[in-house]
Amino acid sequence: MPSLPNSTTERIVLCFPAESWHLRQIEATVQELGVAAEVINAGQERIAEELPTATIYCGHAKVPVPWAETVAGGRLKWIQSTAAGMDHCLVPEVIASDITVSSASGVLANQVADHTFALLFGLVRSLPVFFRAQQKKEFIRRPTRDLHGSRIGIVGLGGNGRRLVEVLRPFHCRILATDWFPEDKPEGVEALLPADQLDEILPEIDVLILAAPLNAMTRHLIDARRLALLPKGALLVNMARGPIVDEAAMVDALESGHLGGVGVDVTEVEPLPVESRLWGQPNAIITPHVGGQVATRVEDVTDFFCQNLIRYFRGETVLNLLADKRLGFPRPEHAAWRR
């Protein structure tokens, strides 16, 4: 971690919907630390221009940015993502560099849990069926399913996955999970297996919830073979990243009746193309990547960034440090959810 700079001015470039009071909060934080810093609110419009001159970057660029040029310039020392998913910045040049990278894992876990439950309840209580019936003015009783006592599989027990476990516990579900670091099993999880043993839990669950990062190991993790391992009628909820699922195989499983329904907040291509077969599936609930939305999101990520600024300039390990950037998520000992 860097030592307190003496004569240089830090250039802190932001790329999230910060307002003037958020900038003042960040400026006040570094001033209290005795750090000379310029805070630039680049936004999506100017991030490609401002990023190469940044020494610290905080945000989530949703437009193309010159990562190769930025890394080659040698000025950027730290990337603080405002998202839990890190595929937006973990390009090969960043992974190979000595730039410190930290995520926002767990910062929006409550909202992700809320949205997971919205999709899950919609599926188990057959809301797509009833919404279509409502449009036809049909008042007809139809079968539904139960969440209480169901068998839940969770892929990824980071900040979001662990919050899901906490929220699911009162429903007396049998929870099985996989994670890259399966040593720390939360209360309420019956079995926590290594990530490479995912196949073992798939035949044993009614609902599969994805809360893992997107990286080289998880791309198309849920493919036709693994979908076939799920019991007939199982539900799939993807709150992670679209490319973790082979979308064509998922739609095939819906159309064949093997999958009982899917709730997806993320898709392989975003926005979901109008020609996608997924739009026409009667047992699919699709939302446009809004799982982390909350009225206080900007305040929450600003607070977290300021907390990490203090740690960074004091020479302490930042929260949610990606010690191994290839993984795309923090090891448990660096995770904010432990604090």
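A cavity here is a set of grid points where a 1.4 Å probe fits but cannot get out. The model on screen is predicted, and a search of the whole structure turns up one cavity of 30 Å³ or more.

**Stop 1: the cavity.** Select Asn238, Gly242, Val245, Glu247, Met250, Val264, Val266, Thr267 and Leu278, which line the largest cavity. The space inside this cavity is about 30 Å³. Coloured by residue class, its lining shows five nonpolar, three polar and one charged.

Stop 2: By class, the lining of the second largest pocket splits into seven nonpolar, four polar and six charged.

**Stop 3: the cysteines.** How many disulfides does a search of the whole structure find? The count is zero. To check two of the cysteines, select cysteine 15 and cysteine 58. Cysteine 58 holds the cysteine sulfur closest to that of cysteine 15, but the distance is 9.4 Å, too far for a bond, because a disulfide needs the two sulfur atoms within 2.5 Å. Cysteine 15 is buried, at 1% relative accessible area.

Then move to cysteine 306. Its closest cysteine sulfur is also in cysteine 58, at 8.7 Å, again too far for a bond. Cysteine 306 is buried as well, with a relative accessibility of 5%.

Key: Residues numbered from 1 in each chain as written. Predicted model: local features only at pLDDT ≥ 70, side-chain atom pairs only at ≥ 80, totals over all residues. Heavy atoms only, no water. Buried < 20%, exposed > 50% of the residue type's maximum accessible area, 1.4 Å probe, protein only. 1 Å grid on protein atoms, 1.4 Å probe; cavity = no way out; pocket = protein on both sides within 12 Å on 5 of 7 lines; lining within 4 Å. Points joined across faces, edges and corners; volume = space filled by probe spheres on them. Nonpolar A, V, L, I, M, F, W, Y, C, P; charged D, E, K, R; others polar.
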